[in-house]
Amino acid sequence: MAPVKSLSGSVNRQLADAIASARPEADGVDPLLRRSDRADFQANGILALAKKAKANPRELATEVVSHIVTGEGLIKDVEVSGPGFLNITIADRAITETLAARAADGDRLGVPLKENAGITVVDYAQPNVAKEMHVGHLRSAVIGDALRGMLDFTGEQTIGRHHIGDWGTQFGMLIQYLFEHPGELAPADDVDGEQAMSNLNRVYKASRAVFDSDEEFKERARKRVVALQSGDKETLELWQQFVDESKVYFYSVFEKLDMEIRDEEIVGESAYNDGMPETARLLEEMGVAERSEGALVVFFDEIRGKDDKPVPLIVQKADGGFGYAASDLTAIRNRVLDLHASTLLYVVDVRQSLHFKMVFETARRAGWLKDGVTAHNMGYGTVLGADGKPFKTREGETVRLEDLLDEAVQRAAEVVRDKAQDLTEDEIQERAAQVGIGAVKYADLSTSPNRDYKFDLDQMVSLNGDTSVYLQYAYARIQSIVRKAGEIKPAAHPELELAPAERALGLHLDAFGDTVFEAAAEYAPHKLAAYLYQLASLYTSFYDKCPVIKPAPPQDVAENRLLLCDVTARTLHQGMALLGIRTPERL
Ligand code: ARG
């Protein structure tokens with residue numbers, strides 16, 4: 001593995017050095033480098049420096065320029081423009097050599113691993129036991145998986161936690177029903193995902209009906225909750241049946257989503273049961289929580305309800321029961337103290353942001369969230385229907401996630417079949433799954449997570465515009481060119497002059513690592529998606545203007561262009577993979 005310095009990184013360093021040579025007291029000033037239309041890069045940092053030094057910015061800029069070495073090594077040309085900007089042009093040779101070094105570095109494409117990597121526990125994909133998954137669970141799974149992909153690539157160590165809803169009073173009713181109607185739930189290893197969910201639905205509906213109509217059953221269900229909480233063996237066994245049956249269903253949905261979920265990372269609310277009494281005791285002893293009307297609660301000055309009354313976080317209810325907050329607080333203790341997390345990331349619907357605000361603040365006061373440990377809720381927005389209203393079926397019900405995924409795959413099959421030239425029906429179906437699921441993921445990831453977005457299948461599987469299908473086709477097209485090139489293989493020819501479209505593509509390719517690092521640090525998968533979309537667009541203009549095979553350019557030019565094709569394909573592939581999206585070799 002040989003990490004490659006990005007061109008912008010190297011330019012930045014040269015500029016910083018030149019600034020320090022011109023003005024030793026300005027050592028460490030940021031040259032504020034960015035890509036520009038005027039030249040390859042523009043640096044704006046001298047303006048602020050001149051203001052501070054009460055110097056003429058153009059004069060200062062000219063002085064800085066006199067300390068910059070230009071030539072074929074890196075910076076070909078630098079000029080002062082406007083009020084004191086620097087316009088910088090990179091040498092063609094440096095672009096080609098950098099790409100060649102990236103090409104030689106396998107899947108990492110020369111992207112270095114970060115220094116001082118930490119451990120991030122990512123809480124995502126957390127459906128609820130005995131309940132159907134819906135579009136809300138889709139977002140958490142898709143965003144969480146992409147964030148993990150990006151963070152892992154930077155060298156951060158991620159640990160997944162699927163905090164599934166597998167505990168609470170609702171299980172009293174279900175378990176009591178199963179107790180009275182044994183055999184209603186087939187053993188988990190006898191069913192597939194769909195049967196599992198339909199069994200769970202049936203039991204849920206049947207038990208709900210009795211619960212609502214039979215007061216005595218209600219009472220028995222209530223007692224069952226107490227039995228569950230006190231760890232009664234028979235009750236726990238029945239509860240386990242619900243969990244197991246649900247897991248069969250979860251796994252089938254995640255498989256459809258083309259997402260790997262590991263059993264040891266499914267650590268639901270119930271996993272923290274044993275620690276909850278201690279969590280409560282510690283909070284009370286430290287004075288972080290107090291008794292109020294029998295309950296153990298935490299107050300916050302700034303969190304108030306409508307009547308200006310403080311809204312507390314309830315750690316323990318008056319009846320002694322623990323709830324959602326207690327499990328999350330206990331989970332924090334585990335994640336920081338046992339898993340040694342430096343960052344806790346929660347990919348949970350924005351509607352739970354107040355809950356997390358209170359939980360984090362409580363954990364800070366208790367010292368469980370120490371200095372140097374960050375906790376962040378990536379609250380994501382709502383999935384809307386094509387009409388811009390919260391996503392519902394025509395009958396006004398929430399849409400089942402599987403139906404949605406099936407429909408996406410079906411629509412993708414139409415697109416693939418339409419374009420397919422030499423694909424068998426099996427291949428079409430396989431591609432359709434990759435295109436359809438990719439489309440769903442990309443539509444989600446290409447919008448800033450905190451915004452709502454429209455679930456519009458027509459738009460999602462469109463071949464034009466900012467869609468995964470467009471990116472997948474770009475990838476497949478490059479692969480086909482590389483195949484057609486036959487004997488001619490990618491090879492770097494740094495002595496060749498580059499056309500503008502080649503330079504633009506090359507410079508963009510060089511920014512892959514910096515983009516992934518920025519997107520990972522900001523938890524912003526949409527920045528990586530935007531980068532990839534622009535990459536495909538730049539490739540398209542390169543391909544239009546710079547023939548690779550037909551009409552045949554001189555062999556060295558063809559080889560150099562194939563190098564650009566090769567690095568583009570691998571960058572697209574790797575970037576999409578980080579987002580959890582496949583890039584089929586042929587489409
Ligand atoms: N199961 C919850 C729900 O569906 C989400 C859990 C989020 N994670 C957490 N640590 N509270 O709403």
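Predicted model: local features only at pLDDT ≥ 70, side-chain atom pairs only at ≥ 80, totals over all residues.

Me: Good to know. So which residue in β10 is the bridge partner of V121?

Reply: That's L344. The strands involved are β5 (residues 119-123) and β10 (residues 343-346), which pair in the parallel sense over four bridges.

Me: And what is the strand order of the sheet they belong to?

Reply: The order is β6-β5-β10-β11, an open sheet of four strands with parallel pairing. At its edges stand β6 (157-161) and β11 (374-377), each with a single partner strand, so one side of each has no neighbour in the sheet. On average, neighbouring strands here are turned by 15° against each other, direction ignored.

Me: Nice. There's an antiparallel sheet as well; what order do its strands come in?

Reply: That open sheet of four strands goes β1-β2-β4-β3. The edge positions belong to β1 (33-35) and β3 (75-81); each has a single partner strand, so one side of each is left without a neighbour in the sheet. The twist from one strand to the next averages 25°.

Me: How many bridges join β1 to β2?

Reply: Three, and β2 covers residues 41-43. Within that pair, R35 stands opposite F41 in β2.

Me: Which strands does α1 lie across?

Reply: Helix α1 (residues 7-22) lies across β1, β2, β3 and β4 (85-90), and runs at about 145° to β1. Helix α3 lies across β3 and β4, at about 165° to β3.

Me: Switching to helix packing: at what angle do α2 and α3 pack?

Reply: About 120°, with the axes of α2 (residues 45-53) and α3 (residues 57-65) 9 Å apart. That makes α2 oblique to α3, because angles of 65 to 115 degrees count as roughly perpendicular and only those over 145 as roughly antiparallel. The crossing of α2 and α3 is right-handed.

Me: Which residues meet there?

Reply: From α2 you have I46, L47, L49 and A50, and they meet P57, L60, A61 and V64 in α3. By class, this contact of α2 with α3 has eight nonpolar residues, with no polar and no charged ones.

Me: Last topic, the ligand. Which residues are around it?

Reply: They are D123, Q126, N128, H163, G165, D328, Y346 and V348.

Key: Residues numbered from 1 in each chain as written. Axes fitted to C-alpha atoms, helices over the stretch in contact; angles between N-to-C directions. Helix = DSSP H or I, 4+ residues; strand = E, 2+ residues; numbered from the N terminus. Parallel < 35°, antiparallel > 145°, perpendicular 65-115°, else oblique. Left-handed = near helix turned anticlockwise from the far one by under 90°. Contact = placed C-beta atoms within 7 Å. Nonpolar A, V, L, I, M, F, W, Y, C, P; charged D, E, K, R; others polar. Near = placed C-beta within 6 Å. Pairing = 2+ DSSP bridges.
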